[in-house]
Amino acid sequence: MADLALIFGAALAAACCVGLLGAGALRLLRGRSITVHISVLLAMTVSAVAAGVAVIAEAMFLSPHDLEVVLITVSAAAVVSLAVGWLFGRRLAAAAVWADQARERERRIEKGRRDLVAWVSHDLRTPLAGLRAMAEALEDGVVADPETVHEYHRRIRVETDRMTRLVDDLFELSRINAGALRLSLSAVPLGDVVSDALAGTAPLAAARQIRLVAAESGWPTVTASEPELARVVGNLLLNAVRYTPDDGTVRVDAGRDGDAAWLAVADTCGGIPEDDLPRLFDVAFRGEPARTPRPGNGGAEGSGGLGLAIVRGLVEAHGGRVDVRNVAGGCRFVVRLPLADG
């Protein structure tokens, strides 16, 4: 028993020395990946076994040949252990990264959902209160002259239309986020879509003397779903007109870039703060007060900060992308879509 206790003590001492070295290595590598940590742990375990075997073999006066055989055996086990540990360490690291990304995405979605509820509640509360007040005034006969009654009816219709558009935007956004959007792709002449969108935006632009300028030729044909593409172009134009000062200019251009087509909408809004650019397409994001529509420039017809979020969702559903950058005097939105075959 005394010999066994001595053997155990010697092996334990050798293993503890290796363990202390391994603990120091893990401390130095604490910022590295999970794969590195698992590999170090396996190497430390195998090294502890090898150290214990070597110490006991030396104490028992084994022949060099026998000691070499034992160490080769331990080395073979070490190679297998390290290979398996490295492989499963990579899988574990990938799973941990995926889980962390999933949690972060879930947090962003939940924050976006809360922000959306807050923005929509704010956007609905004011018009609903106004509708209730006007309805009560008409019901109680507080207003009786025909001109005022007509104005109340007009304002009720305007606010109802605004809330209808907001609900439509919410429905469209929910379809995009739920993956329920189904596109009927075909070859769509981009020039025709832009022409229709310009015609729809022209009354608001004319009321504020904003010039709408579009290229006369060079419009490519893209692979897209025409209703959704029309909404993308319409939202971009309406956004540009809302934020462009009176007597400004909104310019629309398009062209080809390799196997993709691009559409650009530029305005003279004065630019967007650089910190706001990455968040411009987020749900319910409206930016600084300077980028908030003022009364009389289309703000009453706003979409609760959903217009650009819908643009990004629809463009990405087509396999394209949209980005924005500041240019001299304003900003420029660029949409890239696949070119139609031929």
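How many disulfides does a search of the whole structure find? The search finds 0. Keep in mind that this is a predicted model.

Let me stay with the cysteines for a moment. Take C269. The nearest cysteine sulfur to C269 is that of C331, 3.6 Å away.

Now the overall layout. The chain has 342 residues, and 34% of them count as buried. It holds 7 helices and 7 strands. Reading from the N terminus, the order is α-α-α-α-β-α-β-β-α-β-β-α-β-β. Take the contacts between residues at least 6 apart in sequence. Of those, 74% join residues at least 24 apart.

Next, confidence. The average pLDDT over the chain is 79. A score of at least 70 is reached by 85% of the residues. Where is confidence lowest, and where is it highest? The lowest element is helix 2, residues 34-59, with a mean of 72. The highest is strand 7, residues 330-338, at 93. Over residues 289-302, pLDDT stays under 50. The model still has 27 contacts for that stretch beyond four places in sequence. Where pLDDT is low, the predicted coordinates should not be read in detail.

On to helix packing. Two packed helices are described by the angle between their axes and the distance between the axes. I have two pairs for you, and helix 7 is in both.

Pair one is helix 4, residues 146-177, with helix 7, residues 307-317. The angle is about 35°, and the axes are 10 Å apart. The crossing is left-handed. Which residues meet here? From helix 4, they are D169, E172, L173 and I176. From helix 7, they are A309, I310, G313 and L314. By class, that contact has 5 nonpolar residues, 1 polar and 2 charged.

Pair two is helix 6, residues 226-243, with helix 7. Here the axes come within 9 Å and cross at roughly 145°. This crossing is left-handed as well. Helix 6 brings E228, R231, V232, N235, L236 and N239. Helix 7 brings G307, L308, I310, V311, L314 and V315. The classes are 7 nonpolar, 3 polar and 2 charged. Look at I310 and L314 on your screens. Both are listed in the contact with helix 4, and both are listed in the contact with helix 6.

First, M134. M134 sits in helix 3, which covers residues 64-140. It is buried, at 7% relative accessibility. What does M134 touch, leaving aside its neighbours within four places in sequence? The contacts are Y152, R155 and I156. There is also a distance to note. M134 and V149 are 15 residues apart along the chain, and their C-alpha atoms are separated by 9.3 Å.

Second, T201. T201 belongs to helix 5, residues 190-207. It is buried, with a relative accessible area of 6%. Setting aside neighbours within four places in sequence, T201 is in contact with L212, L237, L238 and V241.

Last, backbone angles. Which way does phi go at Q209, positive or negative? Phi there is positive, about 55°, and Q209 is not a glycine. Q209 lies in the loop between helix 5 and strand 2, the strand at 211-214. It is partly exposed, at 47% relative accessibility.

D247 is another such case. Its phi is positive, near 65°, and D247 is not a glycine. D247 is in the loop between helix 6 and strand 4, the strand at 249-257. Like Q209, it is partly exposed. The relative accessible area of D247 is 48%.

Definitions and conventions: Residues numbered from 1 in each chain as written. Predicted model: local features only at pLDDT ≥ 70, side-chain atom pairs only at ≥ 80, totals over all residues. Heavy atoms only, no water. Disulfide = S-S within 2.5 Å. Axes fitted to C-alpha atoms, helices over the stretch in contact; angles between N-to-C directions. Helix = DSSP H or I, 4+ residues; strand = E, 2+ residues; numbered from the N terminus. Left-handed = near helix turned anticlockwise from the far one by under 90°. Contact = heavy atoms within 4.5 Å. Nonpolar A, V, L, I, M, F, W, Y, C, P; charged D, E, K, R; others polar. Buried < 20%, exposed > 50% of the residue type's maximum accessible area, 1.4 Å probe, protein only. pLDDT = per-residue confidence, 0-100.
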